[in-house]
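Hi,

Here is the structure I promised to pass on.

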Amino acid sequence: KQRLALQLVTKEAGQYQRALDFVDRTSRKFAIPQEIITRQFTKLTASVKGAGGTVADAEKAFLGVAAGIRGTGGSLQDLDSALTATSQVFSKGKVSAEELRQQIGERLPGAFTLFAESMGMTPQELDKALEQGKVSLLDFQKFAEKLFKEYGTAAQAIADSPAAAGDRLKTTLGRLSESVGDL
């Protein structure tokens, strides 16, 4: 069902295959079950495309948020919630203080400060820009890039660690279940 939804959101066969490859790579890299990635990536892709972006833009936002959450020791539930907030940002077409401070910030320590840094601002300047509605989706993409640069390596190290064995098992069992379902 989730794959069908992703196929309908991406529309073109090439984009759908790209999305499937992204789901598989990201699942393996960060020990995130494909069911979570597929559901959240489908929502995010729909939101990003609705805002005039591409599947590649959705990948960039997803990877940044996933790396930030996983790289700071966040749970799969934290990741799920932060990605829902990320989809909301793109659906609204702008970044709001609510999503940044509360929904993402509660799950990603230092998110507000990192966002400000990614824009070359202080947190106070970012606060003011948010109040004035001057923080764009392009700014969010810069934030996602910064998150990936900052936490991508740590996220992969955590995913490969003994502490994430349960997540890797869920990920492997999800792929097995999908393969058996296809057969």
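This is a predicted model: local features need pLDDT of at least 70, side-chain atom pairs count only at pLDDT 80 or more; totals for chains, interfaces and linings use all residues.

Let me start with a question: is A144 buried or exposed? A144 is buried, because its relative accessible area is 1%, and anything under 20% counts as buried. You will find A144 in helix α9. If you leave out neighbours within four places in sequence, A144 is in contact with K60, A61 and G64.

The overall picture

The protein chain has ten helices and zero strands. Read from the N terminus, its elements run α-α-α-α-α-α-α-α-α-α. Of the 183 residues in the protein chain, 44% are buried. Of the contacts in the protein chain with a separation of 6 or more, 64% are between residues 24 or more positions apart.

The core

The largest nonpolar core has 48 residues, and the ones touching the most other members are F41, F115, L126 and F140. At least two residues of this core come from each of α2, α3, α4 (55-71), α5, α6 (97-104), α7 (111-118), α8 (123-131) and α9 (137-160). The helix that gives the most is α4, with eight residues.

Not counting residues up to four places away in sequence, F41 touches L6, A19, F22, V23, V55, A58, E59 and F62.

Now to how some of the helices meet. The axes of α2 and α3 come within 9 Å of each other and cross at roughly 135°. With that angle, α2 and α3 are therefore oblique to each other, and their crossing is right-handed. On the α2 side the contact is made by A19, F22, V23, D24, T26 and S27, and on the α3 side by Q34, I37, T38 and F41. Sorted by class, this contact of α2 with α3 has five nonpolar, four polar and one charged residues.

Next come α3 and α4, whose axes come within 9 Å and cross at roughly 125°. That angle makes α3 oblique to α4. The crossing of α3 and α4 is right-handed. From α3, the contact uses I37, Q40, F41, L44, T45 and V48, and from α4 it uses V55, D57, A58, E59, A61 and F62. The residues in this contact of α3 with α4 divide into eight nonpolar, two polar and two charged.

Two threonines to look at

What does T38 touch, leaving out residues up to four places away in sequence? The answer is Q2, R3, L6 and V23. T38 sits in helix α3 and is buried, since its relative accessible area is 5%. The C-alpha atoms of T38 and V23 are separated by 6.3 Å, and the two are 15 residues apart along the chain.

T86 belongs to helix α5 (residues 76-92). T86 is buried, with a relative accessible area of 0%. Leaving aside neighbours within four places in sequence, T86 is in contact with L44, A61, V65, I104 and F140. Among those partners, F140 is one of the core residues that touch the most other members, and A61 is also listed as a contact of A144.

Two loop residues with positive phi

Phi of K11 is near 70°, a positive value in a residue other than glycine. K11 lies in the loop between α1 (2-10) and α2 (13-30). Is K11 buried or exposed? K11 counts as exposed, because its relative accessibility is 69% and the cut-off for exposed is over 50%.

Phi of A31 is near 55°, again a positive value in a residue other than glycine. A31 is found in the loop between α2 and α3 (34-50). A31 is buried, with a relative accessible area of 2%.

That is what I have so far. Happy browsing!

Conventions: Residues are numbered from 1 along each chain as its sequence is written. Side-chain values use heavy atoms; hydrogens and water are left out. Helices (H or I, at least four residues) and strands (E, at least two) are DSSP runs, numbered from the N terminus. Buried means under 20% relative accessible area, exposed over 50%, partly exposed in between (1.4 Å probe, protein chains only). Contact means heavy atoms within 4.5 Å. Axes are lines fitted to C-alpha atoms, for helices over the stretch in contact, and angles run from 0 to 180 degrees between N-to-C directions. Angles under 35 degrees count as roughly parallel, over 145 as roughly antiparallel, 65 to 115 as roughly perpendicular and the rest as oblique. A crossing is left-handed if the near helix is turned anticlockwise from the far one by less than a right angle, and right-handed if clockwise. Ala, Val, Leu, Ile, Met, Phe, Trp, Tyr, Cys and Pro count as nonpolar, Asp, Glu, Lys and Arg as charged, and the others, Gly among them, as polar. A nonpolar core is a set of buried Ala, Val, Leu, Ile, Met, Phe, Trp, Tyr and Cys residues joined through side-chain atoms within 4.5 Å.
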